[in-house]
Amino acid sequence: MIPTAVQSLADLVLAGVLCYVIFSHAAIRRRPKLQQSLIGLALGGLVILLGVEAHLHGDLQIPLEADLGPLLFAGYLGGPIGGAIAATMGSLFRITLESSMPVVLVEIFTNIALVALGILLRFVMPTPNWPRIPARVIWPMLAGFIVLQFLPPYMVGLFTVSNQSADTILFDNSVVVAVGIASILLTWQVLNMTHHLAQRSTAFAQMADRLKLALHASGMGYAERAAGQSSVHLDARMLEINGLTDREPGEVPLEELWALTHPDDVAPLDQTMAQAAHIHDTPMHFDIRIYRKSDGDLRYLRVHWINSEDPETGASRTISTIQDLTDLRRAEADREEALERLRIASEGFPGVIYQGLWAEDRVVRHLYISSKCEKYWGITAQQAYDNPDLLGGRRHAKEIKAAARMMLENAQGGVPIHIRTKELDGWIDFYGNATDLGDGTFRVDGVAVDVTAEVAAQDEAKHQADLAQRAQRMESIGRLTGGIAHDFNNLLAVIMGNLELLKDELNTPDHLRMIEAGLAATRRGADLTRSMLAFARRARLAPEPLDLNEIIRQSQIWMSRTLPATVEIETSLLAGLWQVRLDQTSLESAILNLLLNARDAMDGHGKLTLETANVRIDEAYIDSRDQELTPGRYAMLAISDTGTGIAPETLKHIFDPFYTTKAPGQGSGIGLSMVEGFVKQSGGTVQVYTEPGRGTTFKLYFPAQCTAPVSAVADSDCAATRAASGQRILLAEDEAAVRNVLCATLSAAGYRVTPAASGDQALAIFENTPDFDLLITDIVMPGSLQGTGLARALRLLAPELPMIFMSGYASEATVHGNGLRPEDTRLMKPVPKDDLLKAVARALAATMSGAS
């Protein structure tokens, strides 16, 4: 029995060798059906060999066979093809044996059932690492084997025909089961061991193949030299690199290799190898030059070597690989030459030549920056190479990311790049292109040009265009408001004149109150017209010598009523402040507007400061602020608050008419426009200094008077109130309603009035009857003669004739030529009755005093 067991093990090992070949051979692995067929043949052959060595056991004479395991694994590893082959071979072998038919049928059924069990487990419990058989598959195999060992004999009654006792039957079959289990387990281990060996063999073969391919692909050669040997073993690539193409791979004398080395590299190479002779297991390298033997071409080589111990002989050996760097070195030389040419060219280029590698949100590295980098960005090119982020260090990270994303989009869309940035004290334009490299990065090529002068010119042009646009806008607004003022004031003159006439005729208190309310509304309408004319710089001003300090002291009386007690008022008034010549009413209105704005900015809580100072303004100051001023002396009035300040986007619009940041109903938007209009109409300027969250200062500059103030001559009240005695007045007014009111008012006062609807008609009347004592004329009228033209024509006929001019707004006096004299009276419509009669009385009284 022992020889039989030994023979069975030998057969099992032989089958394992066959399976090793099947598992490890690359050509067989690439053909699955062939592989399954060979597995079936190998394990089927093992079944036959094990059947031949079968031993009859016990009184039942049951054969002890070890072919059960191969049959199971033929089905599991070989699948339907391999299983069918193994089952067929085993069945044919059983038929050839001289046995009873029932026994043969049982054996054939068992063979087929075992193979079928293996195939079933292949699909139900597949191995993830074929052909390795996992342990979890063995248990169902053993269980299936035990069932198949007892079920068929029992079904055909083989146990009952033997006339043996139950103990004998149980014992003999237990031995058979034990042998079958051993067969399954041994076959499993042999096959797994075979798989392991095949896997290692395949890995070694693949590693050797990869190494060979890697050396071939890298263009590297291999050399090996034993310590003390005078020759070196070279492979084919090493021979090719050195130009030794006249021989096969093998030993080459060292002297022949040294003869190829560049003379300047011989001594350094000897020294390096001598120093490294006793260094083991440490990779080293050295660059040398050789003259290739086949053609004498100079080649640049890099030698990598390591000293190690031969595992077979224990002797020291040196293993080397050589890499031909000639193409790389020549490319580097060409690049250095190109860079030198580029450097020379860039010296004369008015900008910086740039090439860099960028990612979606950052710069990866700078590839090339020409020499003017430091002039443009304040750092050297080498500093930018060492730390790519330095080049954008003056910009916020968000700006860099935005620029990177924009360049990436341009790269993907093939759109040229144009970026303008503020660097150091100037502006830089970058023009270039981006090339998408397909790995999340892109190359940027371009030039950076200093466009500081261009930007300054553009800014200046824009500023001048803004000034021109503003001037045109103000001129348009002025013309519009002037036309509105002329017509509106004529309407108000009619209303005021008729109400005043009614006031003289009525004495009922209720009627008088209604008339007074109408007159108050008319005066407010006149104030509105003056406000509109103020920001258009066409307001009627009555300048007089003023002391700004005194105006502020007087204003403090009504400031306390205008501002809440929670606002602290502080004044800093300069002693010896230069005198100015201004319209006091307009000045006080400007101060009031600024105080109200300051109150709103402080939300009723804070500190308000009024300051005066003497300032000399020169050409440099005017040029730096683009002011339309005359150099000289100015008195400055500053009003400062501790409010919220003015945002930059709001600051540039604060003087625009009707622009306001206040809620509807809380501001008209013309207050600051009126202030600017009044100041500039007075020959001065306004400067605003603000800091959000800290406060705002408005500085008003007024031209200082160089002479002592002229004493004002008080009007003679007696002259103003002197009763009329039938003096003749020539009245020229084109508006019939205004003309009728003026005629009624003057006639009621005792004057004889001759009306004319135009200047031409008035001249004709005067030429016929020149005995008029006074001319009252509107300035703008239809016809060829305006009010000023009529004045010049009449003064040719009567030089001493006193004249009173009426206008809808002040600038009408200069529309068609100015024929006014300093002593002429100017009245702004609508004219209250008392003001009109006083003006007439003064004009007539001045004429009478001059005649006397």
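**Close-up views of a predicted model**

View 1. N549 sits in helix α17, which covers residues 548-562; helices (H or I, at least four residues) and strands (E, at least two) are DSSP runs, numbered from the N terminus. The model is predicted: local features need pLDDT of at least 70, side-chain atom pairs count only at pLDDT 80 or more, and totals for chains, interfaces and linings use all residues. Residues are numbered from 1 along each chain as its sequence is written, and side-chain values use heavy atoms, with hydrogens and water left out. The relative accessible area of N549 is 5%, so N549 is buried (buried means under 20% relative accessible area, exposed over 50%, partly exposed in between; 1.4 Å probe, protein chains only). A polar atom of the N549 side chain lies 2.8 Å from the backbone oxygen of L574. Leaving aside neighbours within four places in sequence, N549 is in contact (heavy atoms within 4.5 Å) with L573, L574, L577 and T612.

**View 2. The largest nonpolar core.** This core has 37 residues, and F73, I133 and M141 have the most contacts inside it. A nonpolar core is a set of buried Ala, Val, Leu, Ile, Met, Phe, Trp, Tyr and Cys residues joined through side-chain atoms within 4.5 Å. At least two core residues come from each of α1 (2-24), α3 (32-52), α4 (68-96), α5 (101-124), α6 (138-156) and α7 (166-218). Helix α4 gives the largest share, nine residues. Beyond its neighbours within four places in sequence, I133 is in contact with F73, Y76, L77, I138, W188, L191 and N192. Another core, of 35 residues, lies apart from this one and includes L563, V580, I591 and F702.

**View 3. L260 in the loop between α9 and α10.** L260 is found between α9 (254-258) and α10 (263-276). L260 counts as buried because its relative accessibility is 8%. Its C-alpha atom is separated by 5.3 Å from that of Y291, 31 residues apart along the chain. Leaving aside neighbours within four places in sequence, L260 is in contact with N242, L244, R289, I290, Y291 and K293.

View 4. A salt bridge is a side-chain nitrogen of Lys or Arg within 4 Å of a carboxyl oxygen of Asp or Glu. R237 and E240 form one, at 3.2 Å from N to O. These two residues are three apart in helix α8 (residues 236-242), so about one helical turn separates them. R237 is partly exposed at 26% relative accessible area, and E240 is partly exposed at 45%. In E337 and R341, the closest N and O atoms of the salt bridge are 3.1 Å apart. Because E337 and R341 are four residues apart in helix α11 (residues 326-347), they are separated by about one helical turn.

View 5. The side chains of K607 and E570 meet at 2.9 Å, N to O. K607 is in strand β17 (residues 606-617) and E570 in strand β15 (residues 567-572); the pair, 37 residues apart, links distant parts of the chain. K607 is partly exposed at 31% relative accessibility, and E570 is partly exposed at 32%. Elsewhere, salt bridges that share partners join R292, D295, D297, R299, D324 and R330 into one network. The whole structure has 24 salt bridges.

Conventions. A polar contact is a pair of N or O atoms within 3.5 Å; within protein, one must be able to donate a hydrogen and the other to accept it, and residues adjacent in sequence count only if both atoms are side-chain atoms.
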